[in-house]
Amino acid sequence: MWKDLKIFCERGSGVEFVTNSERETEELGARLARRLEPGAVVAFTGDLGAGKTAFTRGLARGLGVPDRVTSPTFTIVNEYEGGRLPLFHFDMYRLVSSEELFDIGWEDYLVRGGVCAVEWSENVSDALEEDVISVEICRGEAESRRIIHIEGVAL
Ligand SMILES: Nc1ncnc2c1ncn2[C@@H]1O[C@H](COP(=O)(O)OP(=O)(O)OP(=O)(O)O)[C@@H](O)[C@H]1O
Ligand SMILES: [Mg+2]
């Protein structure tokens, strides 16, 4: 199935993909998961309903996390153990400044040897390191189409 996800084009150092369903976006996440190392930060940008949580569900599957990933909007962070690496799934939608990151223990998460997947990373961009893996999801012309630009990792 993965092979059907065509590389749309390359720009800069990143790679761009087109997906035509939620399932394909999850598949892309699962593929990226295989490349992730302890301490990796996957920083998402993209609108409400773009597919950030869907992509993260794929990350979890690719890491072998047994639980179902749900949106952490009201909890800020959900933790998943049981996979190749722990997965920490953040939703920064409600954060208004990166100073609030300290309250949720962001720096502790960074050194726990897991993967931090960060929805609404634009809200805390000044606090993120430059070596994050960035995943930008944009809507395509068709209802179920997404254009996904990934930078910072070799796929
Ligand atoms: N190609 C696609 N990839 C991902 N999701 C898609 C795609 N096509 C349609 N969808 C739909 O878009 C929605 C994506 O929801 P999801 O919760 O993953 O978005 P999100 O970016 O996490 O939003 P939020 O900012 O509210 O957290 C789902 O309803 C999904 O079925
Ligand atoms: Mg979400």
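**Chatting about the strands and loops**

Q: Which residue stands opposite Glu119 in β6?
A: That's Asp91. This is a predicted model, where local features need pLDDT of at least 70, side-chain atom pairs count only at pLDDT 80 or more, and totals for chains, interfaces and linings use all residues. Residues are numbered from 1 along each chain as its sequence is written, while chains are lettered from A and ligands numbered from 1 in the order in which they are written.

Q: Thanks! In which sense do β5 and β6 pair, and over how many bridges?
A: Parallel, over 5 bridges. Strand β5 covers residues 87-91, and β6 covers residues 115-119. Strands (E, at least two residues) and helices (H or I, at least four) are DSSP runs numbered from the N terminus, and strands pair if DSSP finds at least two bridges between them.

Q: How many residues of β6 are buried?
A: 5 of its 5, so the strand is mostly covered. Buried means 20 or more other C-beta atoms within 10 Å of the residue's own, exposed means 12 or fewer, and partly exposed is in between, with C-beta atoms placed from the backbone.

Q: Which way do the β6 residues point?
A: Val115, Ala117 and Glu119 go one way, whereas Cys116 and Val118 go the other, and all of them are buried. In a regular strand, side chains alternate between the two faces of the sheet.

Q: On to β4. Does it run parallel or antiparallel to β5?
A: Antiparallel, with 4 bridges joining the two strands. Strand β4 takes in residues 77-80, and its Glu79 stands opposite Phe88 in β5.

Q: What sits between those two strands in the hairpin?
A: There are 6 residues between β4 and β5, and Gly82 in this hairpin takes a positive phi near 100 degrees.

Q: Nice, backbone torsions! Which residues other than glycine have a positive phi?
A: Two to look at are Ile76, at about 70 degrees, and Trp120, near 55 degrees. For background, most residues other than glycine have a negative phi.

Q: Where do Ile76 and Trp120 sit?
A: Ile76 is in the loop between α2 and β4. Trp120 is in the loop between β6 and β7, the latter being residues 133-139.

Q: Is Trp120 buried or exposed?
A: Trp120 is buried, because 20 other C-beta atoms lie within 10 Å. Ile76 has 19 such atoms within 10 Å, so it comes out as partly exposed.

Q: Changing topic: what's Gly39 in contact with?
A: Leaving aside neighbours within four places in sequence, Gly39 is in contact with Leu110 and Gly113. A contact means that the backbone-placed C-beta atoms lie within 7 Å. Gly39 lies in the loop between α1 and β3, and it counts as partly exposed because it has 16 C-beta neighbours inside 10 Å.

Q: How many Å apart are Gly39 and Glu143?
A: They are 35 Å apart, C-alpha to C-alpha, and 104 residues apart in sequence.

Q: Last one: where does Asp108 lie?
A: In helix α4, residues 106-110. Asp108 counts as exposed because it has 10 C-beta neighbours inside 10 Å.

Notes. Two residues are in contact if their C-beta atoms, placed from the backbone, lie within 7 Å.
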